[in-house]
Amino acid sequence: MTKPSLPELLHAAVAAVGGLERPGQVTMATAVADAIDGGSHLLVQAGTGTGKSLGYLVPALAHGERVVVATATLALQRQLVERDLPRTVDALHPQLRRRPEFAMLKGRSNYLCLHRLHEGVPQEEEDGLFDQFEAAAPTSKLGQDLLRMRDWADETETGDRDDLTPGVSDRAWGQVSVSSRECLGASKCAYGAECFAEMARERAKLSDVVVTNHALLAIDAIEGAPVLPQHEVLIVDEAHELVSRVTGVATGELTPGQVNRAVRRAAKLVNEKAADQLQTAAEGFERLMELALPGRLEEIPEDLGYALMALRDAARTVISALGSTRDKSVQDEDAVRKQALAAVESVHGVAERISNGSEYDVVWYERHDRFGASLRVAPLSVSGLLREKLFADRSVVLTSATLKLGGDFNGVGASLGLAPEGTEGEDVPQWKGIDVGSPFDYPKQGILYVARHLATPGREGSRGDMMDELAELVEAAGGRTLGLFSSMRAAQAAAEELRGRLDKPILLQGEDTLGELIKTFAGDPETCLFGTLSLWQGVDVPGASCQLVVMDRIPFPRPDDPLMSARQKAVEENGGNGFMAVAATHAALLMAQGAGRLVRATGDRGVVAVLDPRLANARYGSYLRASLPDFWYTTDRNQVRRSLAAIDAVAKADGK
C-alpha cells in the first residue's frame, strides 16, 4: 500500500474536526513535515483562524516518532487532548493503519496525592500528621471542598486538578497534593501502586504524543532529571510565552515566611543544636528583610551576604541531620521528614545560589502589601540554556500567532538562543522562519487608530484627555469594548471614571473570576470589559460583543523592573540596542497579542485604538506597528468615530 500523502491526511483531519482547510494550514503542515524529516528547527507564525493545531499534529502523527507538544495555557492543552487529538487520530487511522496513543502530563502537584488524602498533612506545631478533614469545620468552604475531593478521589481516573469541577482554592488543593520534592517516591509510599502522578507518567511513556505545559518542559531542561519521556520531535505552541515561563521556573525566591516554615518543619526532627542554628539564621534574615527596599542589588550588601551564608550553612547542617536521625515518636515519619527536607533544601538552594553571586543572575528585593518583602534571583538570560537544552537532540517546531516582530523572526529567535536565520557554523542550530498568514482580511476587517493628538503618557498622574477620548470611543461603539490597560491601577481608574460618565455596564478584572467576566462580556453587546495582563492574551470573543479593543498606552516594561532593566543594560554593554532588544520587543509581543483579540472570525469587524501618540510619533513606532496585524491605519479621530458608529449600527440591525 502506498503511503498516504500529507494533503490527503490533512484533508481527512480537517473534515473530522468540522473545520475548513486553509492555504496557510497546508503551507504550515508541509513546512513542519520538512523540518521533522530533515531534523531541523522551524518557527511558524500562524495567525488566528489558521487551524495551527492540525497544521502540526497531522505531520507529526504521520511521521510516527514520539512527539511532545508543550503549550502555555490550560485551555489549549484541553482542546488538544479532548477534541483535536481524538478526532484527528480517528480520522487518520484508516490511512495510517495505526492508532497513535496520546496522553497529558503535568507537574506532580497538579495530581491528587492519595497519601496526603488518607494519611493527613504534616503539621508544623505537632509531631506527625493531622487529619485535615477533621481539622476543617465541615460547614466551612475549606471543609466542604475537602469532603468533595475525598468523594471525587473514588471516582476520578486521572486525579488531575483540572478535571475537578467546580474547582477548589489553592489552599484546599494544597491539603491533598505534594510537590515533586515532597513526594515519598512510589517505591516507599503505601499508595505508590495507585498513584495518579505515576500513572500519568506511565501513560506518557506508552504514548506517541505527550501533551504538556511550558513549565514542565522548562523543569525537564533545567533540573537535569528527565521528567518527559524520550522524544524525537518537540512542538512548542504559544511559543511567544516560552521565554517568560522558562524564566519563571528558573527564578528562586526567599521570604521570611518560607524560611520560618522550614525551621518549624525541621525543628522536631533534628538535634537541638542544628535546629537552633537554623532558627538563629532565620531571625537574622527576617530582621534584614524588614528594612529591605525594593530594587535590584547589583552587588550583595555585606550584611545580606552574611545572613545568606548563615542560612546556607545552617540549612546544610539540618539537611545532614535530617538524613541521619530517626524519631519513632513521630507518626508517619517519612512523610513529615520528606516535607521538612523539601522546605530546607529550597532555602539552602536559593541562599547558596545568591551567595555564589553568578554574573549571569539578577538579584533584587520586592515588596508586597500583603506578603511583605522577598528576595528574588533570576537568570539574566535563558537563551543559552534554551539553545543547549532545547535544540540539541531533536527537531523543534515553535509556533504562535505572534513570532514575527518588526518584520522578521530574529528578535524572537535571539531570545531562544538562536543565531540570526541563515547563520552557518558548528554547534549553531539551523532554523527557518515562516509566516503562513491568516485567513482574515485585516485591512477590510479592522482599523488601527492611534490617538496622535493626545499628550504623551507620563509615569504617573491622571490622563484627563485620554479618559475623554476613551469615553467618546466607547460611546460611538455602543459598548462592545475590551479595554487593555498597562496596570491594574489604570484599569480601575478608567472603570470608575466611565461608570460615572456612561450608561453602559463596565466590568473590571478582579471583580469576578476571569471566566465569568468573559462570559458576561460575550453575552451582552453593550457591556465593556476592562483589565490588565491576562486579558491581553486570554480573551476569545468572536462576533459583535467585541468591536473595539483599546490599549491605554504602549506596554513597555516598568523602568524599575529589575530583571528587564538588567537585561536591557546587558545588551547595551555588548554593543546592542537594549531598548529595542528588550523593552520594544516586550511591548511588540503584548501589542500583537492584544490587537489579536479584535478579529477572531471571518465576519468580525472593528477598531483597535491605541491611546498613546508615541505609536505614531516615535522612531520605534514603525517597528511596533509592523508587529501588529495589517489593519487599515488612521490617526483621524472623526473618521474612527464614524466607522465605529457604522459598525455598531450594522450589528444592531442584525439584532446583535
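# Reading cavities and helix contacts

Student: By class, how many nonpolar, polar and charged residues does the lining of the largest cavity have?

Tutor: That lining has 15 nonpolar, four polar and three charged residues, where nonpolar covers Ala, Val, Leu, Ile, Met, Phe, Trp, Tyr, Cys and Pro, charged covers Asp, Glu, Lys and Arg, and polar covers the others, Gly among them. The model is predicted, with local features needing pLDDT of at least 70 and side-chain atom pairs pLDDT 80 or more, while totals for chains, interfaces and linings use all residues. Residues are numbered from 1 along each chain as its sequence is written, and side-chain values use heavy atoms, without hydrogens or water.

Student: How many cavities does a search of the whole structure find, and which residues are closest to the centre of the largest one?

Tutor: A cavity is a set of points on a 1 Å grid over the protein atoms alone where a 1.4 Å probe fits but cannot get out, with lining residues having an atom within 4 Å of a point; points are joined across faces, edges and corners, and volume is the space filled by probe spheres set on them. Here the search finds four cavities of 30 Å³ or more, and the largest holds about 250 Å³ of space. It is lined by 22 residues, of which Cys113, His115, Val178, Cys183 and Leu184 are the closest to its centre. The elements giving two or more residues to this lining are α5 (114–119), α9 (196–205) and α15 (333–356), and α5 supplies the largest share, three residues. Helices are DSSP runs of H or I with at least four residues, and strands are runs of E with at least two, numbered from the N terminus.

Student: At what angle do the axes of α19 and α20 cross?

Tutor: Two packed helices are described by the angle between their axes and the distance between the axes. Each axis is a line fitted to C-alpha atoms over the stretch in contact, and angles run from 0 to 180 degrees between N-to-C directions. The axes of α19 (residues 464–477) and α20 (residues 488–501) come within 11 Å and cross at roughly 60°, which means that α19 is oblique to α20, since angles under 35 degrees count as roughly parallel, over 145 as roughly antiparallel, 65 to 115 as roughly perpendicular and the rest as oblique.

Student: Is the crossing of α19 and α20 left-handed or right-handed, and which residues meet?

Tutor: The crossing is right-handed, a term for a near helix turned clockwise from the far one by less than a right angle, anticlockwise being left-handed. Met467, Asp468, Leu470, Ala471 and Val474 in α19 meet Ala493, Ala494, Glu497, Leu498 and Arg501 in α20, contact being heavy atoms within 4.5 Å. These residues divide into seven nonpolar, no polar and three charged.

Student: How far apart are the axes of α1 and α4?

Tutor: The axes of α1 (residues 6–16) and α4 are 8 Å apart, and the helices pack at an angle of about 140° in a right-handed crossing. On the α1 side the contact includes Leu9 and Ala13, and on the α4 side it includes Ala91 and Leu92.

Student: Which peptide bond is cis, and where is Pro166 found?

Tutor: The bond from Thr165 to Pro166 is cis, with omega near -10°, and Pro166 is found in the loop between α7 (141–155) and α8 (170–174). Arg97, a residue other than glycine, has a positive phi near 60° and sits in the loop between α4 (74–96) and β3 (102–104).

How values were computed: On a 1 Å grid over the protein atoms alone, a cavity is a set of points where a 1.4 Å probe fits but cannot get out, and a pocket is an open set with protein on both sides within 12 Å along at least five of seven lines; lining residues have an atom within 4 Å of a point.
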